[in-house]
Amino acid sequence: MEKTSRSDKIRLLIVIVNYRTPEMVLDCLESLLSAVDDIDAKVVVVDNDSQDDSDKHIIRWIRDNQATDIIKFIASDENSGFSGGNNLGIESICAENYLLLNSDTLIKGNAIYKLLDNTDKFPDAGLFSPRLEWPDGIPQESCFRFLTPVGELISAARTGPVTKAFAKYNVPIAVSDQISYPEWTSFACVLVRGQVFEDIGLMDDKFFMYFEDVEFCHRAGASGWKIINDPSAHVVHLRGGSSPVKENARTGKRLPRYYYESRTRYFYKLYGWKGLLKANLFWSLGRIISLTRELLGKKAPHVSHKQWLDIWANLRCPDAPYTKPK
(Lines give C-alpha, C1' and ligand atoms only; values in the text may rest on other atoms or scores of the structure.)
Protein backbone atom coordinates (compact mmCIF):
# COMPACT_ATOMS: atom_id res chain seq x y z
CA MET A 1 0.00 0.00 0.00
CA GLU A 2 1.17 3.51 -0.72
CA LYS A 3 1.73 5.62 2.36
CA THR A 4 -0.57 8.61 2.67
CA SER A 5 -0.48 11.48 5.12
CA ARG A 6 -2.77 11.16 8.12
CA SER A 7 -4.78 14.21 7.05
CA ASP A 8 -5.67 12.53 3.75
CA LYS A 9 -7.14 9.44 5.37
CA ILE A 10 -10.58 8.77 6.78
CA ARG A 11 -10.58 7.24 10.26
CA LEU A 12 -12.31 3.98 9.31
CA LEU A 13 -13.08 1.99 6.18
CA ILE A 14 -15.44 -0.96 6.57
CA VAL A 15 -15.04 -3.68 3.94
CA ILE A 16 -17.76 -6.26 3.25
CA VAL A 17 -17.29 -8.95 0.60
CA ASN A 18 -20.40 -10.42 -0.98
CA TYR A 19 -20.73 -13.67 -2.85
CA ARG A 20 -24.37 -14.52 -3.45
CA THR A 21 -25.52 -13.36 0.00
CA PRO A 22 -27.27 -10.07 -0.85
CA GLU A 23 -29.95 -10.32 1.85
CA MET A 24 -27.29 -10.87 4.51
CA VAL A 25 -25.33 -7.91 3.18
CA LEU A 26 -28.40 -5.69 3.46
CA ASP A 27 -29.05 -6.81 7.05
CA CYS A 28 -25.41 -6.13 7.85
CA LEU A 29 -25.57 -2.68 6.28
CA GLU A 30 -28.76 -1.95 8.21
CA SER A 31 -26.93 -2.66 11.47
CA LEU A 32 -24.03 -0.47 10.35
CA LEU A 33 -25.84 2.77 9.55
CA SER A 34 -26.47 3.75 13.16
CA ALA A 35 -23.25 2.11 14.36
CA VAL A 36 -21.04 4.59 12.50
CA ASP A 37 -22.83 7.78 13.55
CA ASP A 38 -20.29 10.53 14.32
CA ILE A 39 -17.41 8.38 12.98
CA ASP A 40 -15.39 9.51 9.98
CA ALA A 41 -16.15 6.28 8.19
CA LYS A 42 -16.94 4.83 4.79
CA VAL A 43 -18.24 1.40 3.76
CA VAL A 44 -17.13 -0.56 0.70
CA VAL A 45 -19.15 -3.54 -0.51
CA VAL A 46 -17.19 -5.74 -2.90
CA ASP A 47 -19.21 -8.17 -5.00
CA ASN A 48 -17.00 -11.13 -5.88
CA ASP A 49 -18.53 -11.76 -9.30
CA SER A 50 -21.68 -13.33 -7.84
CA GLN A 51 -23.31 -13.62 -11.27
CA ASP A 52 -26.75 -13.30 -9.73
CA ASP A 53 -28.85 -10.27 -8.82
CA SER A 54 -26.67 -9.27 -5.85
CA ASP A 55 -25.48 -6.07 -7.49
CA LYS A 56 -29.01 -4.90 -8.28
CA HIS A 57 -30.31 -5.60 -4.76
CA ILE A 58 -27.38 -3.94 -3.00
CA ILE A 59 -27.16 -0.88 -5.27
CA ARG A 60 -30.94 -0.34 -4.99
CA TRP A 61 -30.75 -0.57 -1.18
CA ILE A 62 -27.91 1.95 -1.02
CA ARG A 63 -29.86 4.36 -3.20
CA ASP A 64 -33.18 3.87 -1.41
CA ASN A 65 -31.55 4.47 1.97
CA GLN A 66 -29.79 7.61 0.70
CA ALA A 67 -26.45 6.12 1.67
CA THR A 68 -24.48 6.78 -1.52
CA ASP A 69 -22.27 9.26 0.35
CA ILE A 70 -21.07 6.63 2.82
CA ILE A 71 -21.36 3.29 0.99
CA LYS A 72 -19.38 2.48 -2.15
CA PHE A 73 -20.16 -0.57 -4.30
CA ILE A 74 -17.41 -2.33 -6.24
CA ALA A 75 -18.17 -5.09 -8.75
CA SER A 76 -15.19 -7.41 -9.18
CA ASP A 77 -14.81 -9.11 -12.55
CA GLU A 78 -13.71 -12.35 -10.87
CA ASN A 79 -14.30 -14.33 -7.70
CA SER A 80 -10.91 -13.83 -6.06
CA GLY A 81 -11.89 -15.36 -2.73
CA PHE A 82 -11.87 -13.90 0.77
CA SER A 83 -8.40 -12.37 0.60
CA GLY A 84 -8.72 -11.04 -2.93
CA GLY A 85 -12.12 -9.48 -2.31
CA ASN A 86 -11.01 -7.80 0.91
CA ASN A 87 -7.79 -6.55 -0.69
CA LEU A 88 -9.83 -4.94 -3.46
CA GLY A 89 -11.86 -3.06 -0.86
CA ILE A 90 -8.86 -2.13 1.27
CA GLU A 91 -7.04 -0.61 -1.69
CA SER A 92 -10.06 1.43 -2.79
CA ILE A 93 -9.90 4.07 -0.03
CA CYS A 94 -7.05 5.18 2.26
CA ALA A 95 -7.93 4.93 5.94
CA GLU A 96 -6.28 4.94 9.34
CA ASN A 97 -8.14 1.72 10.22
CA TYR A 98 -9.94 -1.02 8.31
CA LEU A 99 -12.82 -3.12 9.63
CA LEU A 100 -13.13 -6.39 7.72
CA LEU A 101 -16.67 -7.59 8.18
CA ASN A 102 -18.35 -10.79 7.00
CA SER A 103 -21.66 -10.44 5.22
CA ASP A 104 -23.21 -12.77 7.84
CA THR A 105 -22.59 -10.40 10.77
CA LEU A 106 -24.68 -7.83 12.61
CA ILE A 107 -23.16 -5.00 14.64
CA LYS A 108 -24.57 -4.59 18.14
CA GLY A 109 -24.59 -1.33 20.09
CA ASN A 110 -21.32 0.59 20.20
CA ALA A 111 -19.07 -2.29 19.16
CA ILE A 112 -17.30 -0.26 16.48
CA TYR A 113 -16.67 2.65 18.87
CA LYS A 114 -15.10 0.26 21.37
CA LEU A 115 -12.83 -1.33 18.80
CA LEU A 116 -11.70 2.10 17.58
CA ASP A 117 -11.08 3.30 21.15
CA ASN A 118 -8.69 0.39 21.59
CA THR A 119 -6.48 1.71 18.79
CA ASP A 120 -5.69 4.64 21.09
CA LYS A 121 -5.51 2.62 24.31
CA PHE A 122 -3.18 -0.03 22.88
CA PRO A 123 -0.73 1.61 20.45
CA ASP A 124 1.33 -1.59 20.20
CA ALA A 125 -1.66 -3.61 18.97
CA GLY A 126 -2.49 -3.83 15.28
CA LEU A 127 -5.56 -6.08 15.17
CA PHE A 128 -8.69 -5.84 17.32
CA SER A 129 -11.59 -8.29 17.41
CA PRO A 130 -14.93 -8.29 19.26
CA ARG A 131 -16.84 -11.03 21.01
CA LEU A 132 -18.64 -13.00 18.32
CA GLU A 133 -21.95 -14.45 19.38
CA TRP A 134 -25.12 -16.14 18.19
CA PRO A 135 -28.35 -14.12 17.93
CA ASP A 136 -29.35 -15.37 21.41
CA GLY A 137 -26.15 -13.94 22.92
CA ILE A 138 -24.29 -17.23 23.39
CA PRO A 139 -20.61 -16.57 22.60
CA GLN A 140 -18.69 -18.26 19.82
CA GLU A 141 -15.04 -19.28 19.98
CA SER A 142 -13.16 -16.61 18.04
CA CYS A 143 -9.67 -16.58 19.58
CA PHE A 144 -7.08 -19.23 18.83
CA ARG A 145 -3.54 -20.54 19.01
CA PHE A 146 -1.67 -21.04 15.76
CA LEU A 147 -2.33 -24.26 13.89
CA THR A 148 0.67 -26.56 14.27
CA PRO A 149 1.50 -30.10 13.11
CA VAL A 150 0.81 -31.42 16.63
CA GLY A 151 -2.51 -29.57 16.58
CA GLU A 152 -3.47 -31.71 13.59
CA LEU A 153 -3.07 -34.78 15.78
CA ILE A 154 -5.52 -33.28 18.26
CA SER A 155 -8.11 -32.29 15.66
CA ALA A 156 -8.07 -35.70 13.94
CA ALA A 157 -7.98 -37.83 17.11
CA ARG A 158 -10.93 -36.01 18.70
CA THR A 159 -10.43 -37.65 22.03
CA GLY A 160 -10.04 -36.14 25.48
CA PRO A 161 -6.78 -37.86 26.54
CA VAL A 162 -4.96 -36.70 23.40
CA THR A 163 -6.29 -33.15 23.75
CA LYS A 164 -5.27 -33.05 27.41
CA ALA A 165 -1.80 -34.47 26.72
CA PHE A 166 -1.06 -31.81 24.10
CA ALA A 167 -3.17 -29.00 25.57
CA LYS A 168 -0.71 -26.24 24.70
CA TYR A 169 -1.16 -27.10 21.01
CA ASN A 170 -4.96 -27.14 21.10
CA VAL A 171 -6.12 -24.43 18.70
CA PRO A 172 -9.36 -23.06 20.27
CA ILE A 173 -9.05 -20.76 23.29
CA ALA A 174 -11.92 -20.66 25.79
CA VAL A 175 -14.15 -17.58 25.62
CA SER A 176 -13.07 -14.94 28.14
CA ASP A 177 -14.84 -11.95 29.68
CA GLN A 178 -11.54 -10.06 29.86
CA ILE A 179 -9.42 -8.42 27.17
CA SER A 180 -7.05 -11.06 25.85
CA TYR A 181 -4.10 -11.38 23.48
CA PRO A 182 -4.68 -14.42 21.22
CA GLU A 183 -2.18 -15.60 18.62
CA TRP A 184 -4.85 -15.16 15.98
CA THR A 185 -8.47 -14.16 15.84
CA SER A 186 -11.43 -14.75 13.54
CA PHE A 187 -11.66 -12.43 10.57
CA ALA A 188 -15.45 -12.60 10.58
CA CYS A 189 -15.03 -9.19 12.20
CA VAL A 190 -11.62 -7.67 12.77
CA LEU A 191 -10.33 -4.12 12.93
CA VAL A 192 -6.86 -3.75 11.41
CA ARG A 193 -4.71 -0.69 11.94
CA GLY A 194 -3.74 0.74 8.55
CA GLN A 195 -0.09 0.81 9.58
CA VAL A 196 -0.14 -3.00 9.73
CA PHE A 197 -0.91 -3.23 6.02
CA GLU A 198 1.85 -0.71 5.31
CA ASP A 199 4.29 -2.80 7.37
CA ILE A 200 3.52 -6.34 6.17
CA GLY A 201 1.41 -5.96 3.04
CA LEU A 202 -2.14 -7.03 2.25
CA MET A 203 -3.73 -10.41 2.82
CA ASP A 204 -2.19 -13.28 0.84
CA ASP A 205 -4.58 -13.66 -2.09
CA LYS A 206 -3.08 -17.02 -3.04
CA PHE A 207 -5.40 -18.37 -0.34
CA PHE A 208 -8.86 -18.61 -1.85
CA MET A 209 -10.62 -19.07 1.48
CA TYR A 210 -9.60 -20.27 4.96
CA PHE A 211 -6.22 -20.08 6.71
CA GLU A 212 -5.55 -16.61 5.28
CA ASP A 213 -6.53 -14.98 8.59
CA VAL A 214 -4.18 -17.23 10.56
CA GLU A 215 -1.30 -16.53 8.18
CA PHE A 216 -1.93 -12.78 8.27
CA CYS A 217 -1.95 -12.76 12.07
CA HIS A 218 1.30 -14.73 12.06
CA ARG A 219 2.92 -12.13 9.79
CA ALA A 220 1.59 -9.29 11.96
CA GLY A 221 2.89 -10.93 15.13
CA ALA A 222 6.29 -11.56 13.57
CA SER A 223 6.42 -7.85 12.74
CA GLY A 224 5.79 -6.94 16.38
CA TRP A 225 2.07 -6.18 16.33
CA LYS A 226 -0.15 -7.55 19.12
CA ILE A 227 -3.68 -8.86 18.61
CA ILE A 228 -6.40 -7.90 21.05
CA ASN A 229 -9.83 -9.39 21.63
CA ASP A 230 -12.26 -7.09 23.43
CA PRO A 231 -15.32 -9.05 24.65
CA SER A 232 -17.14 -5.84 25.60
CA ALA A 233 -17.71 -5.23 21.88
CA HIS A 234 -20.46 -7.55 20.65
CA VAL A 235 -21.04 -8.68 17.07
CA VAL A 236 -23.55 -11.32 15.98
CA HIS A 237 -22.09 -13.93 13.64
CA LEU A 238 -24.77 -15.96 11.88
CA ARG A 239 -22.33 -18.37 10.18
CA GLY A 240 -24.50 -18.69 7.13
CA GLY A 241 -22.36 -17.00 4.50
CA SER A 242 -20.82 -17.87 1.17
CA SER A 243 -18.91 -21.03 2.03
CA PRO A 244 -20.26 -24.56 2.65
CA VAL A 245 -17.15 -25.62 4.61
CA LYS A 246 -18.46 -25.34 8.17
CA GLU A 247 -21.73 -27.13 7.38
CA ASN A 248 -19.93 -29.84 5.41
CA ALA A 249 -17.44 -30.36 8.23
CA ARG A 250 -20.28 -30.65 10.75
CA THR A 251 -22.10 -33.30 8.71
CA GLY A 252 -19.03 -35.19 7.46
CA LYS A 253 -19.38 -34.20 3.81
CA ARG A 254 -16.32 -33.73 1.65
CA LEU A 255 -14.84 -30.24 1.88
CA PRO A 256 -14.00 -28.21 -1.25
CA ARG A 257 -10.53 -28.66 -2.72
CA TYR A 258 -9.67 -25.00 -2.10
CA TYR A 259 -9.89 -25.65 1.66
CA TYR A 260 -7.13 -28.27 1.51
CA GLU A 261 -5.06 -26.18 -0.88
CA SER A 262 -5.22 -23.35 1.64
CA ARG A 263 -4.29 -25.75 4.45
CA THR A 264 -1.28 -26.94 2.47
CA ARG A 265 -0.17 -23.40 1.70
CA TYR A 266 -0.50 -22.40 5.36
CA PHE A 267 1.62 -25.23 6.77
CA TYR A 268 4.20 -24.79 4.02
CA LYS A 269 4.54 -21.03 4.58
CA LEU A 270 4.86 -21.31 8.35
CA TYR A 271 6.76 -24.59 8.77
CA GLY A 272 8.30 -25.45 5.40
CA TRP A 273 7.89 -28.65 3.43
CA LYS A 274 8.98 -30.85 6.35
CA GLY A 275 6.45 -29.12 8.59
CA LEU A 276 3.70 -29.74 6.03
CA LEU A 277 4.63 -33.42 5.81
CA LYS A 278 4.70 -33.64 9.61
CA ALA A 279 1.24 -32.04 9.82
CA ASN A 280 -0.20 -34.63 7.42
CA LEU A 281 1.43 -37.54 9.22
CA PHE A 282 0.19 -36.30 12.60
CA TRP A 283 -3.31 -35.90 11.16
CA SER A 284 -3.16 -39.48 9.85
CA LEU A 285 -2.05 -40.74 13.26
CA GLY A 286 -4.90 -38.87 14.90
CA ARG A 287 -7.38 -40.35 12.44
CA ILE A 288 -6.12 -43.85 13.24
CA ILE A 289 -6.85 -43.10 16.90
CA SER A 290 -10.40 -41.90 16.17
CA LEU A 291 -11.05 -44.89 13.88
CA THR A 292 -9.90 -47.24 16.62
CA ARG A 293 -12.35 -45.61 19.00
CA GLU A 294 -15.10 -46.10 16.43
CA LEU A 295 -14.30 -49.82 16.20
CA LEU A 296 -14.59 -50.00 19.98
CA GLY A 297 -18.09 -48.56 19.78
CA LYS A 298 -17.27 -44.99 20.75
CA LYS A 299 -19.14 -42.12 19.16
CA ALA A 300 -17.77 -41.57 15.66
CA PRO A 301 -16.75 -38.06 14.53
CA HIS A 302 -18.15 -36.69 11.31
CA VAL A 303 -15.20 -37.05 8.91
CA SER A 304 -15.26 -37.40 5.14
CA HIS A 305 -13.77 -40.72 4.08
CA LYS A 306 -11.92 -38.80 1.35
CA GLN A 307 -10.01 -36.68 3.85
CA TRP A 308 -7.16 -39.22 3.99
CA LEU A 309 -6.43 -38.23 0.39
CA ASP A 310 -7.50 -34.59 0.47
CA ILE A 311 -4.93 -33.47 3.05
CA TRP A 312 -2.17 -34.19 0.50
CA ALA A 313 -3.49 -31.58 -1.97
CA ASN A 314 -0.69 -29.64 -3.68
CA LEU A 315 1.98 -31.50 -1.70
CA ARG A 316 4.46 -31.42 -4.58
CA CYS A 317 3.83 -27.76 -5.25
CA PRO A 318 2.43 -26.07 -2.10
CA ASP A 319 2.72 -22.65 -3.75
CA ALA A 320 0.56 -23.60 -6.74
CA PRO A 321 -2.45 -21.40 -7.59
CA TYR A 322 -5.68 -22.49 -5.94
CA THR A 323 -8.33 -24.35 -7.88
CA LYS A 324 -11.24 -22.00 -8.47
CA PRO A 325 -14.52 -23.52 -7.25
CA LYS A 326 -17.28 -24.05 -9.75
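Select R265 to begin: at 6% relative accessibility, this residue counts as buried. The model on screen is a predicted one.

R265 and D204 form a salt bridge, their closest N and O atoms 2.8 Å apart. R265 sits in helix 10 and D204 in the loop between helix 7 (194-200) and helix 8 (212-222), so the pair links parts of the chain 61 residues apart.

Next, show E294 and R287, whose side chains meet in a salt bridge (3.0 Å, N to O). R287 is buried, at 8%, while E294 counts as partly exposed at 25%. Then extend the selection around R265: salt bridges that share partners join D204, E215, R219, R265, K269 and D319 into one network.

Select helix 5 (residues 149-157) together with helix 10 (residues 257-295). Their axes are 7 Å apart and the packing angle is about 35 degrees. The crossing is right-handed, and the contact residues divide into 12 nonpolar, 4 polar and 4 charged.

Turn to the open sheet of 8 strands, with order 3-2-1-4-9-6-10-5 and mixed pairing. Strand 3 (71-75) and strand 5 (105-107) stand at the edges; each has a single partner strand, so one side of each lacks a neighbour in the sheet. Strand 2 (residues 41-47) pairs with strand 3 in the parallel sense over 5 bridges, and V44 stands opposite K72 in strand 3.

Last, pick K324 and E78, which meet in a salt bridge (2.9 Å, N to O). K324 follows helix 11 (307-310) and E78 lies in the loop between strand 3 and helix 3, so the pair ties together parts 246 residues apart in sequence.

Notes. Residues numbered from 1 in each chain as written. Predicted model: local features only at pLDDT ≥ 70, side-chain atom pairs only at ≥ 80, totals over all residues. Heavy atoms only, no water. Axes fitted to C-alpha atoms, helices over the stretch in contact; angles between N-to-C directions. Helix = DSSP H or I, 4+ residues; strand = E, 2+ residues; numbered from the N terminus. Left-handed = near helix turned anticlockwise from the far one by under 90°. Nonpolar A, V, L, I, M, F, W, Y, C, P; charged D, E, K, R; others polar. Pairing = 2+ DSSP bridges. Salt bridge = Lys/Arg side-chain N within 4 Å of Asp/Glu carboxyl O. Buried < 20%, exposed > 50% of the residue type's maximum accessible area, 1.4 Å probe, protein only.
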